[in-house]
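Hello,

Here is the structure I said I would pass on. My notes are below it.

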Amino acid sequence: MEEKVLEILEEYCEEALSYAGDNMMEEGVIDSFTVINVVSELEDAFDIEIDAKYVVAENFRNKEAIIELVARLVEE
Amino acid sequence: MQFLSANFVILWVISFALYYLVPKKRQWVILAVASGLFYVAGTGGLPIGLLLTGAGAYACGLYLKRSLEAQKTALSVLADKERKKAVKVGFERRRKRVQILYFVLGLGTLLCTKYMVVILPFLQEMGLITPLGDAFFSRVVMPLGISFYTLTAIGYVVDVGREQCPAQENPIRFFLFLAYFPAITQGPFNRYGKLQGELEREHKFDFERMLSGVQRFVWGAFKKLVIADRINLFVGNVFGGAGGGFPGSIYALAVVLYMLQLYADFSGYMDMALGVSETFDISLPENFKRPYFSKSVAEFWRRWHITLGTWFKDYVMFSFVMSGTGRKIAKNAKKRWPGSGKHVTGIIGTMLVWLLTGMWHGRTASYLLWGVYYGVIMCVSLVLEAQYGVWKEKLHIKEGKGYGFFAMARTWLIVFVADVLIRSESLSQAGEIYRALFMDFRLKEGILQVTSCGISKYGFLLLAAACLLWLAVSVCEERGKDVRRMLTESPMVLRWCCYYGVVLLLLITGIYGGSYDTAAFLYQSF
C-alpha cells in the first residue's frame, strides 16, 4: 500500500517525497489542485471514499500522514 | 468603535486590568463583557444580525452533538457490520443536511444583505418602500463585521459536523468565540477548535508579553497612520478626482500606491488585532506573510488574507469536489477526456471559490470581474504547472536570484491589473485607466503633476522613508529573523529609544482628520 501511495505522490507532487517538515499544505508544497488529484487517484487505487472532512492540513502534513490516512480508511 | 480611538483604548485598558485581577476561571467573562460592549458601541444598539447568526450556529452545534451521541449509542448495541454501516450512513446523512442547510442559509443571507445595501435605497428612492433609516441598515441589513462572523459561524457548524471540534454548550462562551472583540470587525477568521482552547485556559500576567502586544499594536498603527492614510490622500484624489483625465503615469503611481495602501491598512489592522489579543495572552492566526515576496499568484494568495483563503479552500473547494455532485462530474469528465478530465472539478471548484471571494469583497460588477480574473489565472497556472519545467528547460532558464525577482515582478503586475478593477469607482473608470496606462502615459507631465495630487514633496520623502523601514523589517522577517524578539532582547536604552521614536513618528507624521479621526479601515467595508 505504502508503495502505491508514494507512486501516486511521485506522479503528482514529487516534492512531497523529499519534504521533511510537517505542514505541507500550508507551506505550499502541495496545492489544493494537486490535493484533489491525489485524493481522486487514492480513491481509485484503494477503492475508498475520502470525505472532505479528511482533507485537512493535519492529514496532508507530509507523506507519512497521507499513508496513515489511507491505511485508516482502508481498514474501515 | 475604531481601534484608533480613545473609547477603544479605555475599553482595552479597563478590560486588561480586570482580566488579570479576577480569578483566572472567570477571565473569559471579562472578555465576553468587553466584546459585547465593543460590538454594541459599534452598531449602536441590539446586535440583531449577530444574535440570529450565532443562535442558529449554536443550535446546529447542539443538534450535531446530540446526533453524534445518539449514533454512538445506536452503534454500541449492534453487532452486524453491514447494519452498523447503514445506521452510521443514516446519521451522517442527517448531519450533513443540517450543515448544508446552515451553510446555504448563512452564505445566502450574507450575499443577500450585501446586495440589499444597494437594492433597498433604490427601492426607497422609487417610493416603493417606506424610508428605513440608517439604524436599520447598520443593525439589520449590514451590521458591523457580518462578513466575518457569518463565515466564522459557518466554519464552526461544519467543523462540529466533521467531528473536528466539540460543540459548545454554554451560549455565552459560544458568543465570545464568535464575537471576540479584536477579531470581530476584520478577522482573522478563527477556528473554534483553536480559539476555544485559548479562551478557556488560565492566563498569567506577563510584563514582557504585554509589552510585546503593545509593541505590535503600535507598529500596526504606524502602518495605518503613517503609510496607509498618507497614501490615501493621493489615491483618493486620483481615483475620486474631479473629472479624471490624469496622465497614465499618475494612474500607474496611484495603483502602485494603492497596492501598498491596501497592504499597510489591512496588515496594520491585523497587527493591532493580534497585538491587543497578545496582551490578553490569546494568540490569533496570522493573516499575512509578506505577500509581495511571492513568486506566483497562487503563493501570493497563500500569504495574503490567509485565513479567508483557507476558509474558502476547506469549506467550499474541498466540500464541492468531494460532494456527490463533484464526484459525478469528475467521473464523467475522466471518461470523456481521459488525459485532462482529472482537472475539471478542480477548475470548477477554483472558479466557484473566486466568484464567491469576489462577491464577498464587494457588491459591484468590478468585484465579480476581479474574482473571475483571479480564478482564470489560478486555473491556467495550475493546469500548465507541469509544462513550466519543460519550457524553462527549453529556454535555458535557471532559477537563480534574477529569475526570482522576475517571478516576483510578474506577480506584482498581475496584482496591479486586478487592483485597478477594485479601486476604480466604476468599470468605465477602470477602462479609462487601462487605456491611459497603455496609450496616454505622458511621463514628463506626470512628474510635474505628482506633488499636486494630495502629497507634497516632503510627504513623499516621509512616505518613502516609512516604506523603507517597513521593507527592511519585512526582508529580515523573510530571512527568518524575529525582528520583535531582536528588539526585545536589545539593550534597554536602544529598545526604549526605538519605542519612543516610533510613537513620536506616529504622533508627528501620522495622518489625522480635523477631529483627530483616522480614515476608516479598508477591509471593514468588505
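Predicted model: local features only at pLDDT ≥ 70, side-chain atom pairs only at ≥ 80, totals over all residues.

Residues are numbered from 1 along each chain as its sequence is written, and chains are lettered from A and ligands numbered from 1 in the order in which they are written.

Chain B splits into domain 1 (6–205), domain 2 (211–288 + 466–526) and domain 3 (294–423); the bounds come from an automatic or database domain assignment. Between the C-alpha centres of domains 1 and 3 of chain B there are 29 Å. Their contact (C-beta atoms, placed from the backbone, within 7 Å) involves 13 residues of domain 1 and seven of domain 3. On the domain 1 side, helices H4 (81–125) and H6 (146–161) of chain B each give at least two residues; helices here are DSSP runs of H or I, at least four residues, numbered from the N terminus. That side has nine nonpolar, three polar and one charged residue (nonpolar: Ala, Val, Leu, Ile, Met, Phe, Trp, Tyr, Cys and Pro; charged: Asp, Glu, Lys and Arg; polar: the others, Gly among them).

B:Phe318 sits in helix H12 (residues 306–321) of chain B. It is classed as buried because 24 C-beta neighbours lie inside 10 Å (20 or more other C-beta atoms within 10 Å, placed from the backbone). Leaving out residues up to four places away in sequence, B:Phe318 touches A:Ala52, A:Val55 and B:Lys313.

Regards

Definitions and conventions: Buried ≥ 20, exposed ≤ 12 C-beta atoms within 10 Å, placed from the backbone. Contact = placed C-beta atoms within 7 Å.
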